[in-house]
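I opened my notebook to jot down what I could look up here. My plan was to go from the whole to single residues.

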Amino acid sequence: MYRNLLSRWLLQGEWQAHRLQIVAALIAIALGIAMGFSIHLINTAAVNEFSAAVKSLSGQSDLQVRATQPTFDEMLYPLLAQHEGVAIASPVLEIQVAVPAKLEDDRNNTLKILGIDVYRAITITPDLVGVPEEGRAFDMLSDDAIFLSPAAMEWLEAKQGDRLPLRLGTKTVTLRVAGGLVRAHAGQRIAVMDIGAAQWHFDHIGVLSRIDLKLKQGIHHRGFKAALEKELPAQYLVTETIDQERRVHNMSRAYRINLNVLALVALFTGAFLVFSTQVLSTLRRRPQFALLRVLGLTRNQILLQILRESSLLGILGSLLGLGLGYALAATALHIYGGDLGGGFFSEIKPSIQLSPLAAVLFLVLGIGVTLLGSLLPAWEAARAHPAPALKSGSEEIALTKLQTPWPALICLLLAVILTQLPPVAELPFFGYFAVALLLIGGIAWMPSLTALLFSGLFRVFNRLTAGALTTLALARLANAPQQAAIALGGVLVSFCLMVAMAIMVASFRISVEDWLAHILPADIYVRTEVRQDALGFTPQEQQVIAATTGIERIDFIRSLQITLDPTRPTVTLIARPIDKTDPGNTLPMTDTALNSAEIPPEAIPIWVSEAMVDLYDYRVGKRVALPLSEVQQDYIVAGVWRDYGRQFGAIQMQLSDYQKVTSELQVNEAALWLQDGVTPEQVMAALKVLPFGDTLTFWQPNEIRAISLKIFDRSFAVTYLLELIAVGVGLLGVAASFSAQALRRVKEFGMLRHIGVTRGQIYRMLALEGGLLTGFGITIGFLLGGGISLILIFIVNPQSFHWTMQLHVPWQWLIIMALAMLMAAALTALLAGRHAVAGNVIRAVKEDW
Amino acid sequence: MKNTPTLELCGISKAYANGRQVLSDLSYTLAAGEYVAIMGESGVGKSTLLNLIAGLDVPDAGEIWVDGVELSARDDDAATSLRRRHFGFIFQAFHVLPHLTLLQNVALPLLLNHLPLDRAKQMLSAVGLQGREQDFPRQLSGGELQRVAIARALVHRPRLILADEPTGNLDPDTAQEILQLMRAEIKANDAAGIIVTHSQAAAATADSILLLTKAGLHPLNPARSHVS
Ligand SMILES: Nc1ncnc2c1ncn2[C@@H]1O[C@H](COP(=O)(O)OP(=O)(O)OP(=O)(O)O)[C@@H](O)[C@H]1O
Ligand SMILES: [Mg+2]
């Protein structure tokens, strides 16, 4: 009871006397935890929803049969239905249709329709069976009836009995909303109709997207799957539900990992701030701890006391952080959706699920980091000899150990070595590790660097007999370099991360802009539908478009999704006219490509994106097979191009080659070059009066560029948010360390005032100190941040997203940030000092510490 | 051990990190129950000597025996508990905890030794600070702070009191009052004491006076003759 009383006295005394610093430390811990926790919540919400949605779509089936292309011949269905071992086979046709009423939204304007056979589906995927109005059970089979999930109803503002126009290609079909899908997954936007009606209305006669299989009891799934795979032609894929989940997982993994690492970086910034405030506050109290040692507190009791105080701080800060993180996640999900604008999960609207385990994990993390921050100085304070420690100013001795630069230099060297290592499991682990080491090394090097610089400056200025104030400021920085270095740490870390992110984002954005200019050379692009799988213009329609006056040149483009590996997201195939003599005219090529003479006549040339090289090992000159036709056909990789649009891979080929191989003549897009003097408006007006004119959407490259950059900016919203928070945390760090230092120097200021230094002079001295220190921190932060951005641009991004980019440094923005930071720091130093100088001068001198 | 600790210094030397040799080969034995004053010019090493005796700093050479045990033979926890239970300190620079009230500051030794806390208030009254128990150190004058430090040093009835300039900041009348209080407490508890001072009057309250010079510790007798 006695011990608890003492502990409480000390805690109360300390916290009452330093409210501001305690609050700053709390905010730092809370912000760090909040950022990490909110991004974790957002990720799990999105991925959980997505896999739950996938599961409810595939229902109770054991296996699914698909083709490498979006659809296949329905003749496979009777074969599978009567197959030995199969209990029920349920055919499904999946179609993405455009919703005319929603066309003004460039991202969210399609609806997924599932065509099902009600009698089969009711046993395998009961969630997908619609609920008709009472007494109209036959609506389930009616050819104009469609059933909407609650989320779709809400999105379309539709109710039972409404008529709903839908568009596929150039054709518009109006269906009747016959009921709902009550058991559809919450937030999932889908529609269901009879499969025969879907095939007929949307020109998919005789084809299916997949067949769900329920096996007879006692049939071994794996064995049956293997046998069926052998039996079916190569273009069919047999998948288990697990494969689907892995695919979802793969699709968002790189993205999630990057977000998580950003969250970790934020957490690291927060942790460092907590660390430096804890170190400084423990140092400040070093003489007090020495006195307690004199009075008879043992080393362990001192250590325990410090740890007790900081764990309380850690618990409070982390709890605050959890709450804040939850609020942040809820807001972000509300505004941007589950992928924070990344575009992966646009079909679903996730809700937050709070997992107690994760919350506890983050709580432990927050407390741990806080404890760690005070453990080191606490240990030092407990071990110090009391008599020397009692003297004020003894803290610097405690810090001299930090002066050896070797651990820091070893960290930096290791970071450089790690950048040379390849990715592990398609993730740039070593790259991230190198970033962490670079940061830690940079911070650890600060004390010896600061000592070197400021004592050098001090010597030079002393010789020059500079003004008393400059000398005082420099003397302080030169003789207490370790404390200066710790104060600097916060500025360094936050500015460094800002620089790194700013350079990375700028490089990426400018690379994307260049890329867009390169791949969208035409004046106008015409599409019938946003989704790429859809069949678009028939040959007749193509001729009509080409015959429109004012057009100088026209390229038709056919794009579709193909599956090369069932565990990976689909690959985009784009067939279009490509300059045979120099593909670089059509595509943003990266390096050497085969010239036309090097392409053997029997092989069809394809040009692949960088992701194809990393993911599927499609090197230049390699012979590959593509699932485009049933006849065997060789393709050869003729070159590699840069693609920021599709990180899961894209392939381009000549449209003529594609049409020869598939004998499919429809295309989904046309690129138009206009004759001189003809405006885009004239041509668009001419095209709109065509028979199918009202189904066309027009895109001008400028618009596309704007939309692409908008999507891009949205997906980097998180990065910007983190950048802002990092700046805030950094400034908080500056404020906390300067005010801590100023409080410790009350006596010094009092003495200076006594010997006739005016207040104004002290303010100027403080501003000079703050400015010098921050300037140095910013310089080092810039160098370190530059290094980190190089790692992000040339190691982390190519390894996780499979694309390369050119380096662009946004000097203007960086200089503005540096100046703002410098001013903010000088101002904080001043404000913190004001508080100290304004106090009672007499008292200040008297007080020993 | 109930008896007053005996203190024996054998060939103590101490130099600071900057190479300054402060004490060299100093020996002295303090008998049980003895109360001595140490005088000497500024910077000669009086505070350093007290710190060494208290185990707050370590000598470069020589041995310090307290209660028949050499100081460096005790581990840190043993030395700490010896200090906690049996030593009382008064520093030249007060050293009170700034964020605790006066009462809390004085009660610290009682708390650490699990003794009843009532004596803290009595001690504050004894040094003339009754009614100011809930004040904070920043609200006190230098002399008042010194009195708090003295109250704290005596509150747990230590057996060895080490005082460094305890009355340097006090007016002569108050100083005499406090010094008499110290002496009374020391004698009442059958304790030993070492008081470092520059004041003849203060030194005169001790049983004997020692002079610290570069050559070592020497008795300066009789004390009273110097005053006249
Ligand atoms: N931490 C230290 N580092 C270096 N030298 C020191 C240190 N502490 C004290 N000294 C030096 O050791 C000498 C003795 O110091 P000490 O404080 O013991 O003197 P003192 O006799 O108590 O003087 P005063 O009567 O002025 O209090 C002084 O010359 C002082 O400069
Ligand atoms: Mg002294």
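Below are my entries, in the order I made them.

**Entry 1: chain A overall.** I reminded myself to start with that this is a predicted model. Then I looked up the makeup of chain A and got 27 helices and 21 strands. Of its 849 residues, 58% count as buried. I also checked how far apart in sequence the touching residues are. Taking the contacts in chain A with a separation of 6 or more, 81% are between residues 24 or more positions apart.

**Entry 2: where the chains meet.** How many residues of chain A are in contact with chain B? I found 31 on chain A, in contact with 32 residues of chain B. Next I wanted a size for this interface. The size of an interface is often given as the accessible area lost when the parts come together. For chain A and chain B that comes to about 3,000 Å², with 68% of it on carbon and sulfur atoms.

**Entry 3: charges and polar pairs.** I counted two salt bridges between chain A and chain B. One of them joins Arg299(A) to Asp76(B), and their closest N and O atoms are 3.3 Å apart. The tally of residue pairs in polar contact between the two chains is seven, with both residues at pLDDT 80 or more.

Which helices of chain A each supply at least two residues of the side that touches chain B? My list reads H1 (2–17), H9 (286–295), H10 (299–336), H12 (386–390) and H27 (841–846). H1(A) gives the largest share, with nine residues. Sorted by kind, this side of chain A has 16 nonpolar, seven polar and eight charged residues.

**Entry 4: His83(A).** His83(A) sits in the loop between helix H3 (76–81) and strand E3 (86–98) of chain A. Is it buried or exposed? His83(A) has a relative accessible area of 17%, so it counts as buried, the cut-off being under 20%. Leaving out residues up to four places away in sequence, I noted that His83(A) touches Phe224(A), Leu228(A) and Glu231(A). With Glu231(A) there is also a polar contact, side chain to side chain, at 2.8 Å.

Notes: Residues are numbered from 1 along each chain as its sequence is written. Chains are lettered from A and ligands numbered from 1 in the order in which they are written. This is a predicted model: local features need pLDDT of at least 70, side-chain atom pairs count only at pLDDT 80 or more; totals for chains, interfaces and linings use all residues. Side-chain values use heavy atoms; hydrogens and water are left out. Contact means heavy atoms within 4.5 Å. Buried area is the accessible area (1.4 Å probe) that two parts lose on being put together, summed over both. A salt bridge is a side-chain nitrogen of Lys or Arg within 4 Å of a carboxyl oxygen of Asp or Glu. A polar contact is a pair of N or O atoms within 3.5 Å; within protein, one must be able to donate a hydrogen and the other to accept it, and residues adjacent in sequence count only if both atoms are side-chain atoms. Helices (H or I, at least four residues) and strands (E, at least two) are DSSP runs, numbered from the N terminus. Ala, Val, Leu, Ile, Met, Phe, Trp, Tyr, Cys and Pro count as nonpolar, Asp, Glu, Lys and Arg as charged, and the others, Gly among them, as polar. Buried means under 20% relative accessible area, exposed over 50%, partly exposed in between (1.4 Å probe, protein chains only).
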